[in-house]
Amino acid sequence: MTSKPVVVETVRELKALTSAFRSEKARIALVPTMGALHAGHMALVRRAQEVAEKVVVSIFVNPTQFGPTEDFSRYPRTFDADFEKLSELGADAIYAPDAAEMYPRGFSTRITMSGPADGLESDFRPQFFAGVATVVGKLFIRCAPDFAAFGEKDYQQLKVVTRLSKDLDLGVEIVPVPTTREPDGLALSSRNAYLSAEERAIAPVIYTALKSAALNIRGGATPADAAQKAADTITAKGLKVDYVAACHAETLAPLSGDEGEPIRLLAAAWLGGTRLIDNIGV
């Protein structure tokens, strides 16, 4: 029978727990989440269990990465269900701080980034990556894991935290995990719960359009033309496109046109009141 994960809420408790793990010579993997766990998160935990003996899952809806008009107040919070899912999977610990524990009174520091944080999401959510980098930096310092698992669904975020760990010598190896999808291709996201039945039927168009764009690029189309065609396809289904872009797969910089350059297609669009993102490699 799988034992239930230990739940800790303070940095003191977390440090004591991870210190005990390290005294056992165990490697630690961290899976940062905002809760409302789904099969995509479970894939992160399973991958973490493959690379480390102990897995800590953090659950914290981070206020600093939400803009004033975004969905912080209505973001799904399902701790009891999350706890059961993590128990079934055999996670070792859950770190569930509240906002006052993460950002104590007088907190006035944040990490700002450029490089892979420039453009795309930053053009529409300018506060986002400073919020992500700051909270992830704090989680890495508090937990001091050997590894941290992040999904490719949030591809720009994956590249940002990879750069963060490297630049600040945090010593955490970032483990990328492929996007988990529904049978019709829709990338799993906690925000999919916002979709009506009619919207849910339309939502896979983003993935379909990206796949077509990748095929067009491999067939000789310019990345810019293929991305524009994908944007037109998504718009034709009634979505409001924030961006569809072809970028360098590692740096997310604009493409130089060099032969053999790795390409990643990334998209974000609004379907009703829900913002969806997706990406694929070419």
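This is a predicted model: local features need pLDDT of at least 70, side-chain atom pairs count only at pLDDT 80 or more; totals for chains, interfaces and linings use all residues.
Helix H1 spans residues 11–23 and comprises 13 residues. From its first C-alpha to its last, H1 reaches 18 Å, close to the 18 Å expected at 1.5 Å a residue. Four residues of H1 are named here as buried, namely Leu14, Leu17, Thr18 and Phe21. These residues lie on the same side of H1, because they cover an arc of only 95° around the axis. The face turned away from the buried side of H1 carries the exposed residues Arg12 and Ser23. The cover over the buried residues of H1 includes strand S1 (6–8), strand S2 (28–33), strand S3 (54–59) and strand S4 (93–95). Helix H6 (128–143) is also included in that cover. Just after H1, Lys25 takes a positive phi of about 65°.

The axes of H1 and H6 are 8 Å apart, and the two helices pack at an angle of about 50°. H1 and H6 are therefore oblique to each other. On the H1 side, the contact is made by Val11, Leu14, Lys15, Thr18 and Arg22. On the H6 side, Ile141, Arg142 and Cys143 take part. Of the H1 residues in this contact, Leu14 and Thr18 are also among the buried residues of H1.

H6 also packs against helix H7 (residues 155–167). The axes of H6 and H7 come within 10 Å and cross at roughly 50°. These two helices are therefore oblique to each other. The crossing in which H6 passes H7 is right-handed. H6 contributes Phe128, Phe129, Val132, Ala133, Val136, Gly137 and Phe140 to the contact. From H7, the contact involves Gln156, Gln157, Val160, Val161, Leu164 and Ser165.

A further helix pair is formed by helix H2 (residues 39–51) and helix H3 (residues 79–89). Their axes come within 11 Å, with a crossing angle of roughly 35°. H2 passes H3 in a right-handed crossing. In this pair, Met42, Val45, Arg46 and Gln49 of H2 meet Lys85, Leu86 and Leu89 of H3.

Backbone geometry in the loops was examined next. Most residues other than glycine have a negative phi. Ala36, which is not a glycine, has a positive phi of about 50°. Ala36 is found in the loop between S2 and H2. With a relative accessibility of 11%, Ala36 counts as buried, because the cut-off for a buried residue is under 20%.

Leu252 is another residue other than glycine with a positive phi, near 65°. Leu252 is located in the loop between S7 and S8. At 6% relative accessibility, Leu252 counts as buried.

Glu261 lies in the loop between strand S7 (240–248) and strand S8 (263–271). Glu261 is buried, with a relative accessible area of 15%. Leaving aside neighbours within four places in sequence, Glu261 is in contact with His248, Pro254, Leu255 and Ser256. Glu261 and Glu250 are 11 residues apart in sequence, and their C-alpha atoms are 9.8 Å apart in space.

Definitions and conventions
Residues are numbered from 1 along each chain as its sequence is written. Side-chain values use heavy atoms; hydrogens and water are left out. The expected span of a helix is 1.5 Å times one less than its number of residues. Buried means under 20% relative accessible area, exposed over 50%, partly exposed in between (1.4 Å probe, protein chains only). The arc is that of the directions from the helix axis to the C-beta atoms. Contact means heavy atoms within 4.5 Å. Axes are lines fitted to C-alpha atoms, for helices over the stretch in contact, and angles run from 0 to 180 degrees between N-to-C directions. Angles under 35 degrees count as roughly parallel, over 145 as roughly antiparallel, 65 to 115 as roughly perpendicular and the rest as oblique. A crossing is left-handed if the near helix is turned anticlockwise from the far one by less than a right angle, and right-handed if clockwise.
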